[in-house]
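Let's take a walk through a protein model together. Keep the 3D view open and follow along as each piece comes up.

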Amino acid sequence: MTVTTDARSNSTPTGVDETGLGDAVNDSGLSLPSDANGCPFQMPQSVESFKEFMYKTQEARRETVKAILDHAEFDVENYYALKKAYSIMTDENTTLFQREMTVTGNRRFVVNVKDEVLGFEKDIHFLEALIHIQDDKDLSTLADAYPLVDLSEVLAHFYPESFLDEVDQCVEFLKKFVKSAEEHPQGKKPILVTDWDGTMKDYCSQYATNLQPVYSALGMANFAKRFTRLSAVLTAGPLRGPGILDLTALPIDGPILFSGSWGREWFLKGRRIVHKDDISVEGIDALNRFQDEMQTLLHEPEYCQFELVGSGVQKKVDRLTLGVQTVCTQVESGLSTQYQDEIRERMHRVDPNGQVLHYDPSTELEVEVVVHNDGTVWNKADGVDVVIQTMGDTLDPPGRVLICGDTASDLPMVSFAVKKNPEGTMAIFVTQKPELRERVRTLLPSESQSCFVSCPDVIHAAMHKILKESMAN
Ligand SMILES: [Mg+2]
């Protein structure tokens, strides 16, 4: 299989497929995947079609990950789909990662697509490296090439020189975690619980298109399967709508368990398990009706862009988180204020006496509409407790547990694990902030139990290095 290594292929888009992922011929003459309408690739023009476009590319990633994990044949059209998407996202409509989109009439909306573009670029380089190894060594599948690829080298290209030193430190740290299975009296493998955004996935300007790359999904799945007895992702965002299950490239029923809403909702054994004992039935009902109202509002041309503004629209178990402004203040302040007024008006419609729902302008970038509860304060430690209990496992010694996070909201997970297993708890934090590093160190009995890195890719590169060694033996 021979592929072109020029990621910036160009095509002349014609036709009407707004999502952009239709029939086309790439620069090496190979046919690209068709959608149901068989229309050509085209630049996504609107907010809605941009989302759809990105979700289609995520399908290509998911199929790729699945094929490699299953040692099945890889469909090269999925590689070309990513390449095509990359070339569209970096065409003349994107300048310095800022892409203009149409909202309504002449109104333009600028979206920062840096994370999306870099995600494509890294995946394209990674897949090209795999494909070349497969060709070169005449291997039957890409899965056979996976342990031979140098992911650190692929990723180092995107970072300063210190990246590789950080990877080496993280490898040493992770080895202690992995090897703990040999020290366990019954040979039990350790447990991994991780945050998602900022920890396993770089932050993206818009939550709705914060999509996981292929290389990251493959590393996490292989690491979890090979070295842990339980691996779980615990995120503040929702499970669906969009949520972690829509944004990941991992198989959702694979070796990693997923939760949303700070661990209030879990996707376990094909079922959604929700902890909402502290929330009234009328509260849940009001939140559902409020969400319906918001959906209608977001269909109005004036407001549809808010689905792509920062947090977008996230339905969590006890709240709706709504992005109202971007980090770069790309939304006109008048429009943002108007949107917030509309939100409060919709709240008033479903809860005229203000008894059930609470409006929380949590930051300048987002507001939250929260259901009053019985006073219970839920944090990620409760989420960890839910998954460990539901899976019939324990954090107690002997054995190790690794907690990964990037903000103070992840600290309760560390405290919880330390309470159960002081000597066996380990923590990797993705942070450059001295205060947060200090807080992590203070929670753990010894300095050797924590490791700090500057970006999620250090963890992915380190996991792959360990996999490489282990798969080669
Ligand atoms: Mg985070």
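**A sheet and its helices**

Start with an open sheet of four antiparallel strands, in the order S9-S10-S12-S11. (Strands are DSSP runs of E with at least two residues, helices are runs of H or I with at least four, and both are numbered from the N terminus; two strands pair if DSSP finds at least two bridges between them.) Strand S9 (313-315) and strand S11 (357-360) sit at the edges with a single partner strand each, so one side of each has no neighbour in the sheet. On average, neighbouring strands here are turned by 15° against each other, direction ignored.

Before going on, a word on what you're looking at: this is a predicted model, where local features need pLDDT of at least 70 and side-chain atom pairs count only at pLDDT 80 or more, while totals for chains, interfaces and linings use all residues. Residues are numbered from 1 along each chain as its sequence is written, and side-chain values use heavy atoms, leaving out hydrogens and water.

Now look inside the sheet. Strand S10 (residues 319-323) runs antiparallel to strand S12 (residues 366-371), and five bridges join them. Leu322 stands opposite Val367 in S12.

Which helices go with this sheet? Helix H9 (residues 281-298) lies across S9, S10, S11 and S12, at about 25° to S10. Helix H10 (residues 333-350) packs on the sheet too, touching S10, S11 and S12, and its direction makes about 170° with that of S11. (Contact means heavy atoms within 4.5 Å; axes are lines fitted to C-alpha atoms, for helices over the stretch in contact, and angles run from 0 to 180 degrees between N-to-C directions.)

The axes of helix H11 (residues 380-390) and helix H12 (residues 411-420) come within 7 Å and cross at roughly 50°. That makes H11 oblique to H12 (under 35 degrees counts as roughly parallel, over 145 as roughly antiparallel, 65 to 115 as roughly perpendicular, and the rest as oblique). Lys380, Ala381, Val384 and Asp385 of H11 make the contact with Pro412, Met413 and Phe416 of H12.

The peptide bond from Gly241 to Pro242 is cis, with omega near -5°, and Pro242 lies in the loop between strand S5 (230-234) and helix H8 (244-247). Another cis peptide bond joins Pro397 and Pro398, with omega about 0°; Pro398 is in the loop between H11 and strand S13 (401-405).
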